[in-house]
Amino acid sequence: MTESHNEHQLNVALEGLQKNSDEQVATKLELDKCKRIVQKLRSHSDDCAVCKQYFIEFEEHILQLKEKQHSLTEEDFKQHKQTIDKISSHLIKQHKLVTSGYYLSIYMSIGTSLGIVLGLLIFDNIGVGLPLGIGAGVAIGASLDGNAKKKGLVL
């Protein structure tokens, strides 16, 4: 079987899980994130042996979840979360991917800090500097997030 066939099979299994599960279970399993992980693992598996191995493990894991989708326990959810976190961590560290909203959260924090400082130093009023700093941080962060999304670097 080719890897693209495996990717298609895995996406079909994820869609089946989503269709046959209630909304709460689908949310706990983070099925949309799983689809993005499958796509990223597949795109990096040609160059990265670890991604290739994770793809195989993730495929087995999803197929096991699909088999017992109507009798999932808290332990299954916990194991699924650990699997996703382990794979996401590899993709973020080794392939320079970022999570959605990553830059926004960082630059909003920086903007808040700078806004307070500038508000006190320049305007002698935190109330003026704070919204300016937050606004600048949000603008920069959203721009960088959009750029990362265009480049396909968002997990």
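Predicted model: local features only at pLDDT ≥ 70, side-chain atom pairs only at ≥ 80, totals over all residues.
1. Start with His61, which is found in helix α4. Leaving out residues up to four places away in sequence, His61 touches Gln79, His80 and Thr83.

2. Next, the nonpolar core. The largest one has 25 residues. Ile37, Leu41, Phe58, Ile62, Ile87 and Leu91 touch the most other members. Five helices each supply at least two residues of this core: α1 (3–20), α2, α3, α4 (49–67) and α5. Helix α4 gives the most, with 6 residues.

3. Setting aside neighbours within four places in sequence, Ile37 is in contact with Phe58, Ile84, Ile87, Ser88 and Leu155.

4. Where does Leu155 lie? It sits in the segment after α7. Leu155 is buried, with a relative accessible area of 4%. Its contacts, not counting residues up to four places away in sequence, are Arg36, Ile37, Lys40, Ser88, Leu91, Ile92, Leu97, Val98 and Ser100. Look also at Thr99. The C-alpha atoms of Leu155 and Thr99 are separated by 5.2 Å, although the two residues are 56 residues apart along the chain.

5. Now helix α7 itself. It has 25 residues. From its first C-alpha to its last it reaches 36 Å, close to the 36 Å expected at 1.5 Å a residue. Its buried residues are Gly129, Gly133, Gly137, Gly141, Asp145 and Ala148. These buried residues pack against α6. For the spacing, recall a general point: an α-helix has 3.6 residues a turn, so residues three or four places apart point the same way.

6. The surface has a nonpolar patch of about 1,000 Å². Tyr102, Ile106, Ile110, Leu114, Val117, Leu118, Leu121, Ile122, Phe123, Val128 and Leu132 make it. The elements giving two or more residues to the patch are α6 (102–123) and α7 (126–150). The largest share, 9 residues, comes from α6. One member, Phe123, lies in helix α6. Phe123 counts as partly exposed because its relative accessibility is 41%.

7. How many salt bridges does the count give? The count comes to 6. As a general rule, side chains of opposite charge can pair when their charged atoms come close.

8. Glu7 and Arg42 meet through their side chains in a salt bridge, at 4.0 Å from N to O. The pair links distant parts of the chain: Glu7 is in helix α1, Arg42 is in helix α3, and they are 35 residues apart. Are these two residues buried or exposed? Both are buried. They also belong to a network of salt bridges that links Glu7, Arg42 and Asp46.

9. The side chains of Glu57 and Lys86 meet in a second salt bridge, at 3.4 Å from N to O. Glu57 lies in helix α4 and Lys86 in helix α5, so this pair ties together parts that are 29 residues apart in sequence. Glu57 is partly exposed, at 31% relative accessibility. Lys86 is partly exposed too, with a relative accessible area of 41%.

10. Lys81 forms a salt bridge with Asp85, and their closest N and O atoms are 3.4 Å apart. Here both residues lie in helix α5. They are 4 residues apart, about one turn of the helix. Lys81 is partly exposed, with a relative accessible area of 41%. Asp85 counts as partly exposed, at 34% relative accessibility.

11. Last, check the backbone. Most residues other than glycine have a negative phi. Glu30 has a positive phi, near 50 degrees. It lies in the loop between α2 (23–29) and α3 (31–44). Glu30 is partly exposed, with a relative accessible area of 24%. Lys96 has a positive phi as well, near 55 degrees. Lys96 is in the loop between α5 (74–95) and α6. At 60% relative accessibility, Lys96 counts as exposed, because exposed means over 50%.

Note on methods
Residues numbered from 1 in each chain as written. Heavy atoms only, no water. Patch = residues over 30% accessible without salt bridge, like charges linked within 9 Å, V, L, I, M, F, W, Y side chains within 5 Å. Areas by Shrake-Rupley, 256 points an atom, 1.4 Å probe, with all protein chains shown as cover. Buried < 20%, exposed > 50% of the residue type's maximum accessible area, 1.4 Å probe, protein only. Core = buried A, V, L, I, M, F, W, Y, C linked by side-chain atoms within 4.5 Å. Contact = heavy atoms within 4.5 Å. Expected span 1.5 Å × (residues − 1).
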